[in-house]
Structure formats: C-alpha cells, structure tokens
Amino acid sequence: VKPSSLRGTAVTARIGLALGVAVAACFLTGLISHFIQHPQPWFFWPTRPVWLYRVTQGLHVISGIAAIPLLVVKLWSVWPKLFQRPILGGPVRALERLSILVLVASMLFQLSTGLLNTAQWYAFEFFFTTSHYAMAWVAAGAVVVHVGVKLPVIRRALGEPLDEPAAGASVGPTRRSVLVGTGLAVALATVVTAGQTIPWLRRVSVLAPRSGEGPQGVPVNRSAVAAGVLRSARSPQYRLAVTHGSTTRAFTIADLAAMPQATRQLPISCVEGWSANAEWTGVVLADLVAAVGASPDSDVRMISLEPPGPYSRTVLPARHARDSQTLIALRLNGEVLDLDHGYPCRLIAPTRPGVLQTKWLSRIEVV
Amino acid sequence: VRVVLIILGTAIGGYGAVLLWDNSFEVIVRIAVWAVAARCCTTSCSRHCA
C-alpha cells in the first residue's frame, strides 16, 4: 500500500466531524467561562449544582486537548492538497484558500496558547484571556465558513466506504487503522491530562499540570509571595472591612471566628482546567452583608490585599452573594487557611472560577 | 445552506477580528507571529510524517 492511499476525503471528513464536535464543545464552554468572568445582563449562571463550573471548564480543557491530535491528523490527511497549483487561482479558489489559512492559523493559535495556559507558561507576550476569546470567534467563524465551502464534499465523503475496494488484499495500514490510531491518540492525550479534572484518573494522568497537590491538599496557582501579601496578610493590624454606603464595619480575625461558622463541601475549579474538592469553614457571606444592613439582592465587590491587578478586585453577582453556600472562608480541610490559600480569609462560592474566588480579602463592598 | 453558513461564518469571524483589533498594534503583531509560527511548526511536522 502506498502511504498516500491512506489519505482521502473519507478519512478527512470523519476526522473533521470529530474535530468539529471537540471544537464546538470547547467554544461553548469557553464562552460560558468568559461570560462568568465578564457578566452580561442577559447571561444567567446558576449556583447549582455546585460542581457545574468544574464540569464545563474541565470539558473545555479536555476537548481542547483532544482536538490537538485530531487537528494534526486532519492536516496530515489534506497535506498534499494544501500545495496544489495554482496556489490561489480565481477569486473563489482564492477565498477558499484564505479561509483555510485563517482556519488553520487560528485553530493552532487557540490550541497552542490554550495548552501553554494550562501549564501557566506564558511564553507568548500578550494577555491570554482577551486574545484567546477574540481568536475563538475567528476560529469558530473560519470553521463555519469551511463547512459551508466544503459541504458537498463532506456529505459525499461521509457516505463513502472508508476502505477502498482493493484494500482488503493489500498489506499494511488501512484508512480504518488511521482512524483507530487517531482515536487511540485522542484517548491517550485525554487520559494523561484529564486527571486534573477527574479525580479517579489522577494516578494515570502523568502529564496533568495540577493533580491535587498543594498545601492542605489543594493546588495553588498564585502564592502569597507572588501576590506580595506576606506582610499585610500576617499583620496584627489586619481588619476585614465590610461597607455599604456610609456604613462600614471592621472585623478582626477573632471577630470573624466568633461569628456563626458554616462548613461547606465545595470544589475549587480553575480556568486552567484543574479542580479539587475541599471542605471550607467560615462565615456565610450573607451574614456579613446583613451585618451592614445591605439588601441580599445586591452585588458584592471583593477586594484583595494584593496590589491592584486584573484579579485583585472582583464582583460577585447577587445570586451568588446571597447563596447560603457562599462563604468567607477561614479554614480549609479542618485547618486554618494556609497563607497561599488566602489567609486570613478568602471568598469561596459555588460554580465560580478559582480566579474569581478572591484570596487575602481586605475589603467587601456591597454595591 | 452553504451561503448561509459562509455568511454566518464570515460574520462570526469578523466579530473576532474586531475584538482583536482592539489590541495595540504591537500585540496584534505578536498574536499574528504566534499564529503563523504555530502553523509553520505543525505543517513541518505534517510534512515530516508524510
């Protein structure tokens, strides 16, 4: 069998279909994460089930990683066609070639920067989230255009038998084995990384950037040293200020510990895909909001001891702020919060990305 | 259906391009270089596998 006989539209269309499913899952779950971080009036994000963000963001990273071998095999399957003459030709062909260029470049951009982000390795020197979001629309648009341009070919190819009639008599790999091999590659890429989201895969997920390791059994993205809060977080003068209009109350750690304490089982789920179950103990946020006479229907701004930065202050929507599961946590897994987990106190709320679970709280403003 | 998909895809992709355009020129160049470099690396890999 000549190597080139393994390529063909029957293989390309089937790989493309799987890639389309992975990309669609990745795009939709990415939009969810974006709109949680940049709330819009029309966007509804529930507080139950508490593991919802863990699932959507885990699926986002898993589907993105699964898309990598699919994209490589799809590129391989059409490789000679990419350089067929004429390179541009007439206007229609030029348009098709341009759409493929945009499609391939944007997809590779998304998958490569996304993968580096899961490892928190920012080799590229631009802000990840805004460029990843913008390029997601470019990639999604390019996929839709590509499907539109190739629709007749796709329909025909999906109806074609996978193996050529003479393939049964030949020796060596077949198109079917290409598909099986691709499926195995996708499964392998998934299994060795998905443990950061799926606890029972942790032992075999040897390439997962985070697998439940960290102080008090929970991973840490940003340490107290990196945040520059070592001194302020341990200061005897520390107070948590809670404000509503002209009303301000300042709480010492002892004051917070003297308030009614609640314990909740909540996962912490990061935008990079890792997540971990944990037991959090602290004050129900709604009690602090009530302590300054504010309405439970108010959004609440969380301000960290960190110097001003993209995530040093976050806004918690009212739906989450009044939820009885939302805590200002003082303890994690039965111990006083580790400094790297946000000592003296931090926010923990259901269905929120970890980056919005503000650590080292200094101020809570009812807005 | 094809025309609808092409128009829809162009609109979606165009929206992404507008979002990208909000970045400074320097950042746009970095993004473009990264996209082209990733494409070159992968196509070289595909050529090697071929």
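Chain B contains 2 helices and 0 strands, where helices (H or I, at least four residues) and strands (E, at least two) are DSSP runs numbered from the N terminus. This is a predicted model, in which local features need pLDDT of at least 70 and side-chain atom pairs count only at pLDDT 80 or more, while totals for chains, interfaces and linings use all residues. Residues are numbered from 1 along each chain as its sequence is written, chains are lettered from A and ligands numbered from 1 in the order in which they are written, and side-chain values use heavy atoms, with hydrogens and water left out.

**Chain B**

- Of the 50 residues in chain B, 28% are buried, a word that stands for under 20% relative accessible area, as against over 50% for exposed and in between for partly exposed (1.4 Å probe, protein chains only).

**Where chain B meets chain A**

- In chain B, 28 residues are in contact with 33 residues of chain A, contact being defined as heavy atoms within 4.5 Å.
- Between chain B and chain A an area of about 2,700 Å² is buried, and carbon and sulfur atoms give 78% of this; buried area is the accessible area (1.4 Å probe) that two parts lose on being put together, summed over both.
- On the side of chain B that touches chain A, helix H1 (2–21) and helix H2 (25–49) of chain B each supply at least two residues, and H1(B) gives the most, with 13 residues.
- Sorted by class, that side of chain B has 16 nonpolar, 8 polar and 4 charged residues, where Ala, Val, Leu, Ile, Met, Phe, Trp, Tyr, Cys and Pro count as nonpolar, Asp, Glu, Lys and Arg as charged, and the others, Gly among them, as polar.

**Backbone features of chain A**

- Arg85(A) and Pro86(A) are joined by a cis peptide bond with omega about -10°, and Pro86(A) lies in the loop between helix H2 (52–82) and helix H3 (91–118) of chain A.
- Another cis peptide bond, with omega about 10°, joins Tyr343(A) and Pro344(A); Pro344(A) is placed in the loop between strand S8 (335–336) and strand S9 (346–348) of chain A.
- Thr351(A), although not a glycine, has a positive phi of about 55°; Thr351(A) is in the loop between S9 and strand S10 (361–366) of chain A, and it counts as buried at 3% relative accessibility.
- Trp360(A), also a residue other than glycine, has a positive phi near 50°; Trp360(A) is in the loop between S9 and S10 of chain A and is buried, with a relative accessible area of 1%.

**Two buried residues of chain A**

- Ala227(A) is found in helix H6 (residues 224–227) of chain A and counts as buried because its relative accessibility is 3%.
- Leaving aside neighbours within four places in sequence, Ala227(A) is in contact with Arg222(A), Glu306(A), Pro307(A) and Trp360(A); the C-alpha atoms of Ala227(A) and Pro307(A), which are 80 residues apart along the chain, are separated by 7.6 Å.
- Thr243(A) is in strand S1 (residues 240–244) of chain A and is buried, with a relative accessible area of 6%.
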